[in-house]
Every structure is written in structure tokens, then in C-alpha cells.
Amino acid sequence: MSRVVVTGMGIACPLGVDVETVAAAQQAGLSGAGPMADAFDNSAFEIRTACRVPEWDRSLLGSAAEHFAGCGDRKGEFGFYAAQRALRQAFGSDERTRAVISAPTTRAGLHTASGLVSSLVAEGETDVLACLRPDGSFDYEASLAALAGANPRRSRHFTDRVNHLLAWTYGFDGPSLVNHGACAAGAVAIGTAARWIRQGRCDLAVVGGFESMIHPFGVLSFQLLGALSERTDCVHHEVSRPFDRQRDGFVIGEGAGMLVLESESFAAARGAEVLGLVHGLGTSLDSYRTTAPPPDGRGAVVAMQAALAEAGLRPGDIDWINAHGTGTPLNDSAETAGIRTVFGGRGQAPPVTSSKSAIGHAVAAAGAVEAVLSLLALRDGSLPPTLNLHDPDPECDLDYVPLVARPADARFALSNSFGFGGVNGSLVLGRADT
Amino acid sequence: MFVAGVGVASPLGLGWHASVDGWLRGASGLRPFSKDGLELAQAGVVPDFRPRKQLPDRKAVKLMSREAQLLVYAAVEACGGTDPAQRLGVDPERIGGFAAAGYEVTPLGEVLDMFAGSRDPLDPSRLSLDALFSTGRAAYNPLSPLKTLPNMALFHAALTLGLRGPHLALGSSPAAGLAALAGAVDALDDDTCDYAVVGGADAQVELFRLHYMEEAGVVGSRPAEGAAALLLGDAGDVEILAVQLGQEPPAGPMPGEAYSVVSDGGARREALYRRVVEQAGCAVDLVIADLWGLPQRDGFERRAVTTVMPEGPILATRPRLGHMGAAHGLFDVALAVALIQRGEAKCVLVTAGGSAGDLGAVVLRGVDR
């Protein structure tokens, strides 16, 4: 069974929109948090902080930008951009990418993770408000008229749009899936596609996730679920506090992370540089509650153990864990309990980092963005810090690499992603020499 | 890999046997539809579906979207009850859940009151963020976001059945049900689980979804709702011989264009069907095909199918059920299982395609006794 190597990485996240900038920022312990007001007028809303992709410019997509014009599909733009960057790193240019992917002997797949599409304000005005009678009831006749005209914004509701555009642009012909596994979706998309390659369903795949819910309806939904930090007594970059006693919820993030995966033999045959490996995926269902994990982290335990089994590794082989680490009271204690069950307590378990302390929670893209960050940390020989961890929760008693990065000869990382609905995914990633 | 149980909720009937019986007697599930001012000449709605009476946990019904309710019904039927781990004598952590469900467009009913409460008092054609975060928020049912999270159908099915094994939650493409099936087959092959519940569910009979379907060019089929689920394991009288997934080359940059136009005349479809039949290693004597009532697309499909089955019946279910979105591919598989069990066919190819040009194909065969 072939091993699966990473030959391209692309990212758009609150720390930047190119891999090296992001790698440097994560090691420097920078935060991508800023005012929510940069996204919309939130003067009547309690949530003050968000982690946005800085100075995003659609023109970064090059000629593909025209396909997103007028759509308001920010997350799709992130996704296509990150995939484009990953493909260029793997193959050198768009022309060479097309030549490899569309070759008759190549089977190339797509597995991307995308979240729920929430309405834009402008879309709500044209498609809903225009159809409301003064008393608030809905007028179907009016709605048929309002919806009759073409509107490029509606295309954003197809979550397979990025897959479609990648297939149109580069000629993919293998499996093509959109993963809707909530906050575990990015990790599961990567690990599932790695299995395709091991099992011969395809030779290579573009995998990852993209998400943007930093708009009024998106953040309102998360607030109603009680998931967001409402902290206002500190500066923005101190709001996200995973594993801290004073944590009170996550900071909403956004972005995309994309990888090019290839079978080791396919990559070797074309002389590709190996950036890392995907060794295993474990998934599980909590079957517990919609928005809360079981306190003992049992579902996380099953996912982590399954990932180790697929990778053929023992707990002691894992050098570092990139935690789900949202900063919600329930997640962080349950995840810690799960890590203790699999790896042992402090002194036995490997160091643990929450990237969300710096970049917030990118929801469906989180696992993919954090997979890129994990591969960069392994490459750079330095474990990124968990920011803002000044007052550790007694229930969170592991080594969380607080505040500053730590040099480490780490070979294998475990990256956790858990989602609402009790979906869990754990990825085992390896340094290029593993 | 064997089919150990099947569950269906379709416009032809509530339950697998009711749906199959309806199919075999030539019934149509399409009827005029009228609700809340939405008038449709024909739509496929699951008849006699009363979730509060027919689902195991009536209190949980209000937490579920229509898709989730349909999927739970089908999944419970496929598993023969709500506790498959006990019935099968396996650890619940060894039973996986793999599902495709349609969610791209939030059902209007979930957000209407919030929008009404968010109008600008001075200009009701505009949204006011001040109003959204006050009266709009007050009118927004906190349960609504949970209903519309994209993996909630799988969550409710898993919670009802006590599934704790591996999972895959996929989008609303009609081919996604077969992709979920492929994920389950791979998980069983890898020994990641001992049993897998595979499902697809969709509810297309809703104003906004209808509109997006139309915008995507799905004009050849009537809108429908439904769910289908399979329990896969190591024993059963129908075997899944092969599942293959692929991608057609879109003719343009927008997803809907794949419904009617691909740039290769169906060549990749043909190659995929050859590959899945070759892997299966049996002579196909029936195809339940990815036919939509779209002339060019259907032409490609028929030509591709005849390369693997030059003669023999080709069934199309959409003319009598409508388009069940993410449920459709697995409904066709459920029908194939029934036809094999009743001796109507020995080796069946089921095909499905989606809006992004994604393709799936599965071959099933009856087990000789």
C-alpha cells in the first residue's frame, strides 16, 4: 500500500496568505485577531473580536477572479486561491499542473470541506425582504418575481463550486467530494483522500477546506449556540484563551488550507519535493449531544486511537499534538481528558498547542488550516505556542507550550478536529523524512 | 461487502417494501403540491410521513430538519430498530455512519421570522443590523442553526442508533450518496469498522431550494424529497462488488452547467462505468441510470451505459419519483437490492452524477445460495 506524501501547500488564514509568512508568524507567536467591526457594523452586537484573513484581495486569484465577481463567495475565493497555490508549489505552474492532472494515465481527485452557507445581507434584502408583506408574512407571488432574475450571488450556495471550478480549470477526473462534517470536515477530507491514494482510487488529490462565516448571520448563529467568546475586557488578540481558566468560548475565524497529496511512487517518478506525509486518519461519532462532547472525551479517544492504528504508530511515537483547542469550557477539558486517556498525563503526553489561540476557529476549514500549520511546525523544528495561556485550568493539566514557541525535533504530529454533531477527526502527519 | 438491511422513505411510499411495491406496480410518486402558497404541478413528497408518531424519539423531532427526520426513519428501518449494536452483538464504536444530505440552502421557514424582525423601521426593504441583533435575534429560534448545520442528519441518525464508529458527512450532490457508500466500503475493507450505516436524504420541495435547482439547470426533473439507507456488513444476500467515483470535465465555470453540458461527450462517464464493471467482474443485466430528462446529458448517459451493457433494461427512477437530490443515488441502490432479491436481475449497475460533474457508480450482485 502506497504512502501518501504532501507536495504542495496553500493557505489563507488570519496570519497571512502565503505559506512562509504564516510559518514565520506562527513561530513568532503572532495573533490574527482584530475587531469584528472591520467586517461589519457590530455596534449592536456583543461579539467584538474576529480573526479575519488580512487585506484579502480577490485579484490574488488571477484570471479566476472573474468567476467570483459579484458572488460574495469569500470562502470560495479562499478555497480556490489556496488550492491554486498548493498546485503551483507541487507542479511549478498552472500549465504544468494541467499537463499532469489531465494526462490520460493520471487519476486526480478532489476532497474539500465547506461549511454551511449563510445569507449575505444584500442577498437577504433581495431574496427575502422583497417578498415580505408589511405584517411579516411571506408573499410567494412576490418571491417568484424576486427570484426570477439571474443573480450571481446564488451560485455561492453550491458548496461544490470550488471543486467544479478546479475540475474545469485543471481537468480533475477522480473522486470529487464536498465534506460537510462541521468543524472536523477539513481533517476528514484530508485523511479520506489519503486513503483513496493508498487504495488506488487515485494517484493524487487536492484536499483541504475553506470557510468564512464572519458576517452578521454567521456569527449570530454561533452566538445563539453559546459558542463564541463575549469577552470585552481585553485587547482583541487576548480574547482567544484555549485551556485557560478564564476561557469563555471561541473567536470566529476564517480561511482555507489546501494540500496536494500524491502517492509516494507518483511523486518520486516526477521528482517532486516531499513536504510531509499524511500517515493516518481516525474518525468517530460521539452520539452524545449536539454541541457538547462527552466529558471524558471518549469520542476523541476513539478518533485518536484509530489515527494511530492507521499510521502504524504507538502513542509514544507522537511528538506533538495540534489540539482542537477551541477555548470553549467544555471542549478543552474533554479534549484534555481524551489526550490523557490515549497518551497519559503530564510528563507522558506530548506537548499540545492550540492554533486557535492565534487564528480563531475557521469552522469547516479549521482542520485543513491546522494541518498546514502542523506540517510547517514539523518542517521548522519548532512547536508553535498556545497564546494567552496565563492561568491554566486545573482540569487542563498538560503541557500546552504556553506563550512562546519551543524548538523541538518533532517527527510526528497528531492534529485533532472535533465538530458540532459529535463528529471527530484526528490526523497523523509526518515530517518529510518520516 | 454485503447489504444487511435497507430503509427507504420515498414519494412511492413510507418504507422500503412500500416503495418497492409501488415501483413494481407502476405507481408514480408525483402529485400536485400546494402548501403556504407554493403551488407545484408535480412534486414528490413522502406520503403519510408523520415524524412525531413514526420516529423513535418524538421529542427529538422538533430538533430535526426534514432531511434529518427522513434519514432517521430510513436508517432505523435499515438497522431493524434503534440499537443495531445490541442486535448485531458488536461494539457501537465498530459501527460507522456515512451520509449525504442536502443543506446548501437554508429552508425559508427557519429564518423567515428573523428576517421579518430585522427590517429597517425606516425602510423595510433594507436590513438593519441594529434590528437584526435585537428584534431579529429575538425572533430567531436558537434551534434553527442546529437544524441547518450540514451534518445534523447524520448526527440524529447516529444518536438514534447509538453509532460511535467512523463517519463521513457529505454534501447534497446526487452522487454523494454513492460517495458515502464508497467511504463505507473502504472503512469496512480497512477494518475500521464491522458494520456501516450509509444514508442519503434530501428535501427539495421548498421554495428556495426549488429556485436554486432551477438556476442550476435541473429543469428535466420534478422536485422531490426522500431518504434511503443501507446497513452494510459481512453477510447478506446482495453483495456490493465495486464502487467507483469520478469527475466529468465541466463545460463552463458554473456548477449548474454540468447538469446539461460536459466537454467530453460523456467519455469519462464511459471510462468510469467500464472500470467499475471490470472491477466487479460480472455481467451486468440491469442498469438503474443517472437519467434526468435532460436530452444532452441523458444521451451521454445512455451511450456510456450501453458500453457496459449493450442490451438489457435501463431504468430511470426520476420520471416517477422526481429528483430526490442527495437521496437519489442510494434510493436507486435500494431499488437494485430489491430487484435482485426478487429475481428481477442478477447483477445491477447503479450510476449517479452531480452538479459539479461528480460521478459515482456501483455494481451489486445477488449471492448464490
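## Chain B up close

In chain B, take the contacts between residues at least 6 apart in sequence: 77% of them join residues at least 24 apart. Here, two residues are in contact if their C-beta atoms, placed from the backbone, lie within 7 Å. Before going on, note that this is a predicted model, where local features need pLDDT of at least 70, side-chain atom pairs count only at pLDDT 80 or more, and totals for chains, interfaces and linings use all residues. Residues are numbered from 1 along each chain as its sequence is written, while chains are lettered from A and ligands numbered from 1 in the order in which they are written.

Chain B has 15 helices and 13 strands (DSSP runs numbered from the N terminus, with helices being H or I of at least four residues and strands E of at least two). Its radius of gyration is 20 Å, close to the 21 Å that the globule rule gives for 369 residues, so chain B is as compact as a globular protein of that length. That radius is taken over C-alpha atoms, and the rule is 2.2 Å times the number of residues to the power 0.38.

## A helix tucked inside

What about burial? Of the 369 residues in chain B, 63% are buried. A residue is buried if 20 or more other C-beta atoms lie within 10 Å of its own, exposed if 12 or fewer, and partly exposed in between, with C-beta atoms placed from the backbone.

Now find α8(B): 10 of its 10 residues are buried, so it is largely enclosed by the rest of the structure. Among them are B:F155 and B:H156.

## Where the chains meet

On the chain B side, 69 residues are in contact with 67 residues of chain A. α6(B) gives the largest share of that side, six residues. By class, the side of chain B that touches chain A has 38 nonpolar, 20 polar and 11 charged residues (Ala, Val, Leu, Ile, Met, Phe, Trp, Tyr, Cys and Pro count as nonpolar, Asp, Glu, Lys and Arg as charged, and the others, Gly among them, as polar).

## And chain A

Chain A has 13 helices and 14 strands. Its radius of gyration is 21 Å, close to the 22 Å from the globule rule for 434 residues, so chain A is as compact as a globular protein of that length. Buried residues make up 64% of chain A.
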